[in-house]
Structures are given as structure tokens and as C-alpha cells.
Amino acid sequence: MSVTFYGGKGLEQDLTYRRQLIMGYQKELEPLMRYMNWLEDKNGKKVSSLYKGDNDNTISFPVYDGTLLAFVKEAAKTSLMDRNYMYLYNRYSMPTPKDERERIEKVTIKDLEILPGVLSKYVLGGMTKGYVWPIAVEEGIFLAILKKMKELETLWCQPTV
């Protein structure tokens, strides 16, 4: 019995394609990995505040940590952004950050698309709903994605002997 994926490609071809995909992500991940220590430090902590002004007539607005804004800006420039991330959420049913973290931890090379999908939800979603970015840091979503991508990169991008 032959296992096939993606229009008749065999398992070996599919794994080769995914390995090449991970290798392609290496350059995209490089600038994001420098935020790993900051994300570990801020995991579970607040990275935004609400500015209320000096009097009652001032409109309050959120103020974000500068490093968070730099990370989001850097991530938004990568090819990891998937504007169709909602299809992924419908397929994998991840209604809460806890569900997302659990799914991220279980990601293998076969369901690699989950990582850019979840990253996209928070980076792109935060462009219209700013409260989304701090949630991704406080809940450890950004950190979990980077750790898993690094793990997959280490596992699948080793030189073949």
C-alpha cells in the first residue's frame, strides 16, 4: 500500500518538500530568534499598559513595549505571514491560547503549516486589534512558535551523511 500526499506525491517526496520548506524558513527565523530571550523573560507578564492622560477629557489608549512592536514589525516582514490563517483554525479547532499552545507542542514536519498560521493570527490580527499582540506574549504563543520552529529546524536541517 502506498501513502500519498498532495496530488499523488509519495511520502518521501512530501518529506523532502517539507524539509526544504523548513530550510527556507531558516532565513526568515534568523531575525526573530534574537527576541527569544526577551519572550522567555516576558512570558506570563504584561507588555502593555493603558495611557489615560492627565484629565477626564483624554481618551485612553494602549502603550506597547517597544521590543514587542519591533518583534511584530520584524515578523510581519517575513514570508511566514499567511493571510488565510482562519482556514487553519477551522481545520484544527484552536479556540483558546491553551489549545494553540498544545497544538504547537505537537507540531511535526507533517503539519508544519500550523506554526506560520498561528503566528499570522497574532501578528496580522494585532494590526486591527492591538490587544492581540500582548496576549501572544503573555500566553507564551510567540515563544512556543519560535521554540518549535527551532526544534524542527535542528531536527530536519542537519546535513545528510
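The paragraphs below go through the chain as a whole and then its largest pocket. This is a predicted model, in which local features need pLDDT of at least 70, side-chain atom pairs count only at pLDDT 80 or more, and totals for chains, interfaces and linings use all residues. Residues are numbered from 1 along each chain as its sequence is written, and side-chain values use heavy atoms, with hydrogens and water left out.

The chain has eight helices and four strands; helices (H or I, at least four residues) and strands (E, at least two) are DSSP runs, numbered from the N terminus. Starting at the N terminus, their order is β-β-α-α-β-β-α-α-α-α-α-α.

Of the 161 residues in the chain, 40% are buried, that is, under 20% relative accessible area with a 1.4 Å probe, protein chains only. A contact means heavy atoms within 4.5 Å. Among contacts between residues at least 6 apart in sequence, 70% join residues at least 24 apart.

The largest pocket holds about 150 Å³ of space. A pocket is an open set of points on a 1 Å grid over the protein atoms alone, where a 1.4 Å probe fits, with protein on both sides within 12 Å along at least five of seven lines; lining residues have an atom within 4 Å of a point. The volume is the space filled by probe spheres set on the points, which are joined across faces, edges and corners.

Residues lining this largest pocket include Tyr 85, Pro 95, Lys 121 and Ile 135. Helix H6 (114–125) and helix H7 (132–138) are the elements that give two or more residues to the lining. H6 gives the most, with three residues.

Methods:
Buried means under 20% relative accessible area, exposed over 50%, partly exposed in between (1.4 Å probe, protein chains only).
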